[in-house]
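Hi,

Here is the structure I promised to pass on to you. Have a look at it first, and then read on for my notes.

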Amino acid sequence: MQELAALLPDQNIVQINHSFSDKSGTVRGLHFQHPPYAEYKLVRCIAGSVFDVIVDLRCDSPTFLQHVSYELSAENNAMLIIPPGCAHGFQTLTDNTALLYLHTAYYQPEAEDGIRADDARLKIRWPLPISCMSERDQNFMPLALNYPGLKL
Ligand SMILES: Cc1cn([C@H]2C[C@H](O)[C@@H](COP(=O)(O)OP(=O)(O)O[C@H]3O[C@@H](C)C(=O)[C@@H](O)[C@H]3O)O2)c(=O)[nH]c1=O
């Protein structure tokens, strides 16, 4: 627990979420909360496996609009820490996949937002054809050319 505290200075876990997807190829995201509700998220896959993506939306970051991806699985026990100001999404690589999230801010529907997982500017190479995406995720707008990013 002290190791975790060192990685999350002055933060408390206030919410735990559980997500389940029955179909392989499902994409969820890319989600984030606007300041002042920007949060750390700790993500772990507890059943099946996912291709997990973090996109940097921090306007003053040298990696603005770049992304990283990792495979998380129930076998590799990896856990990702997603920093405030970054969007998060994943694609399930197996049927019946479950993720566990620890959050440092409460869910705030009015602060919740997202960008399209297939936005051409992000150049994310999802490993599988997208088999399922929520209506909300399909309705996110592509990034504007002058997208300013998030100021934390
Ligand atoms: C995240 C969340 C959603 N909800 C509600 C809102 C909505 O009606 C329903 C489903 O929510 P969503 O459509 O956001 O579910 P989902 O698409 O699974 O959202 C998740 O996607 C991944 C990529 C993340 O990073 C998570 O933090 C979360 O945003 O649950 C809550 O009541 N509390 C919560 O904490």
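**The largest pocket**

The largest pocket holds about 400 Å³ of space. Please keep in mind that this is a predicted model. The pocket is lined by 22 residues, and N17, H31, Y101, E112 and R136 are the closest to its centre. Several elements contribute two or more residues to that lining: the strands β1 (15-21), β2, β7 (86-92) and β8 (97-103), together with the helix α2 (135-138). Sorted by class, the lining residues are 11 polar, 6 charged and 5 nonpolar.

**The nonpolar cores**

The largest nonpolar core has 18 residues, and the ones that touch the most other members are L30, V55, L57, I115, L122, I124 and W126. Two or more residues of this core come from each of β2 (27-33) and β4 (49-56).

V55 is a handy place to start exploring. Leaving aside residues up to four places away in sequence, V55 is in contact with L30, L65, Q66, H67, G85, C86, A87, I115, L122 and I124. There is also a second, separate core of 11 residues, with C45, V50, I54 and L99 among them.

**A loop residue**

Where is E75 found? It sits in the loop between β5 (67-73) and β6 (79-82). E75 counts as exposed because its relative accessible area is 65%, and the cut-off for exposed is over 50%. E75 lies 54 residues from S21 in sequence, and their C-alpha atoms are 17 Å apart in space.

Best wishes

How values were computed:
Residues numbered from 1 in each chain as written. Predicted model: local features only at pLDDT ≥ 70, side-chain atom pairs only at ≥ 80, totals over all residues. Heavy atoms only, no water. Helix = DSSP H or I, 4+ residues; strand = E, 2+ residues; numbered from the N terminus. Buried < 20%, exposed > 50% of the residue type's maximum accessible area, 1.4 Å probe, protein only. Core = buried A, V, L, I, M, F, W, Y, C linked by side-chain atoms within 4.5 Å. Contact = heavy atoms within 4.5 Å. 1 Å grid on protein atoms, 1.4 Å probe; cavity = no way out; pocket = protein on both sides within 12 Å on 5 of 7 lines; lining within 4 Å. Points joined across faces, edges and corners; volume = space filled by probe spheres on them. Nonpolar A, V, L, I, M, F, W, Y, C, P; charged D, E, K, R; others polar.
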